[in-house]
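Visitor: I have a chain open here and I'd like to learn how to read it. Could you walk me through it, one feature at a time?

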Amino acid sequence: MKKSNKKILALIPARSGSKGIPGKNIMDIAGKPLIAHSILQALDSKYINRVIVSTDGKDISEVSKKWGAEVPFIRPKKYAADNSPDIDVFKHTLNWLRKNENYNPDLIVHLRPTGPVRSVSTIDKAISTIKRIENADSLRSVSLALQTPYKMWSINNNFMNPILNIPDMIDSHSMPRQSLPEVYWQNGYIDIIKPSTILSKNSMSGKKVLPFIIDETLFELDYPEDIPAIEKILNNIDENIKHPKRHSV
């Protein structure tokens with residue numbers, strides 16, 4: 001199937017300074033470097049037609065290139081600190097591509113390498129969703145929250161205050177869960193952003209955010225104890241990769 005006629009860029013941010021698992025972006029997970037799983041998913045999408053890794057690490061850069069991604073620049077250290085926000089990374093990428101290549105994507109697909117358990121069909125479904133809604137600023141994957149913020153409290157000056165209140169409902173925190181509004185948490189499976197949202201609105205989401213509901217178990221690699229479960233599910237996934245020549249290292 002032909003790739004999209006829109007310029008759809010997959011951006012995979014991968015800095016080198018992981019504290020929980022040093023070097024985790026290129027460590028072997030289910031027979032491949034961790035970052036390779038996200039690269040291959042992007043390459044196999046029927047919509048994504050460019051895959052870039054933004055990294056400050058030369059080792060990550062070399063591994064990413066071997067698995068088929070572009071690394072047209074090394075990310076400046078000031079955008080690769082522990083507290084560097086996503087928007088700085090994305091602004092740097094967009095501005096670099098405009099200045100050096102006159103390249104302006106229509107959509108940016110944000111794939112986090114630390115969440116390698118995702119399907120190409122789900123990625124394509126998310127892209128198809130935002131392509132149909134012209135006035136959307138972004139799309140963000142979410143899951144139904146297991147705990148409701150309507151029953152959560154903050155503590156100030158030794159007394160508790162409810163995080164949220166429902167107008168015209170006294171003591172909403174004590175109501176049955178079933179009578180409270182459903183809420184969703186952003187799960188990091190996939191986000192898609194229009195460049196204008198980042199560059200003109202100075203936001204990673206904007207105000208018109210499409211929900212993309214993920215109803216499946218989610219896996220995130222933050223600690224060594226997460227590895228066995230992630231490897232087990234990855235070893236059981238067969239994505240029928242369409243580009244074997246890009247996968248050899």
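Guide: Let's begin with helix H4 and its buried residues: Val 120, Thr 122, Ile 123, Asp 124, Ala 126, Ile 127, Thr 129 and Ile 130. Buried means under 20% relative accessible area, with exposed over 50% and partly exposed in between (1.4 Å probe, protein chains only). Helices (H or I, at least four residues) and strands (E, at least two) are DSSP runs, numbered from the N terminus. One caution: this is a predicted model, where local features need pLDDT of at least 70, side-chain atom pairs count only at pLDDT 80 or more, and totals for chains, interfaces and linings use all residues. Residues are numbered from 1 along each chain as its sequence is written, and side-chain values use heavy atoms, leaving out hydrogens and water.

Visitor: How should I read a spacing pattern in a helix?

Guide: An α-helix has 3.6 residues a turn, so residues three or four places apart point the same way.

Visitor: What do the buried residues of H4 pack against?

Guide: They pack against S1, helix H1 (34-44), strand S5 (107-110), strand S6 (138-144), strand S9 (184-193) and S10. Contact here means heavy atoms within 4.5 Å.

Visitor: And how do I read the sheet?

Guide: Strands of a sheet pair through backbone hydrogen bonds, either parallel or antiparallel. In this model, six strands form an open sheet with mixed pairing, in the order S4-S1-S5-S9-S6-S10. Its edges are S4 (50-54) and S10 (209-213), each pairing on one side only. Two strands count as paired if DSSP finds at least two bridges between them.

Visitor: In which sense do S1 and S4 pair?

Guide: Parallel: S1 (residues 8-13) and S4 share five bridges. One to look up is Ile 12, whose bridge partner in S4 is Val 53.

Visitor: Which residues touch the most other members of the largest nonpolar core?

Guide: Ile 48, Val 53, Val 109, Ile 190 and Ile 192, out of 34 residues in that core. A nonpolar core is a set of buried Ala, Val, Leu, Ile, Met, Phe, Trp, Tyr and Cys residues joined through side-chain atoms within 4.5 Å. H1 gives this core its largest share, six residues. A second, separate core has 13 residues, including Leu 11 and Ile 198.

Visitor: What does Ile 190 touch?

Guide: Leaving aside residues up to four places away in sequence, its contacts include Val 109, Ile 123, Ala 126 and Phe 212.

Visitor: How much of the chain is buried?

Guide: Of its 249 residues, 47% count as buried.
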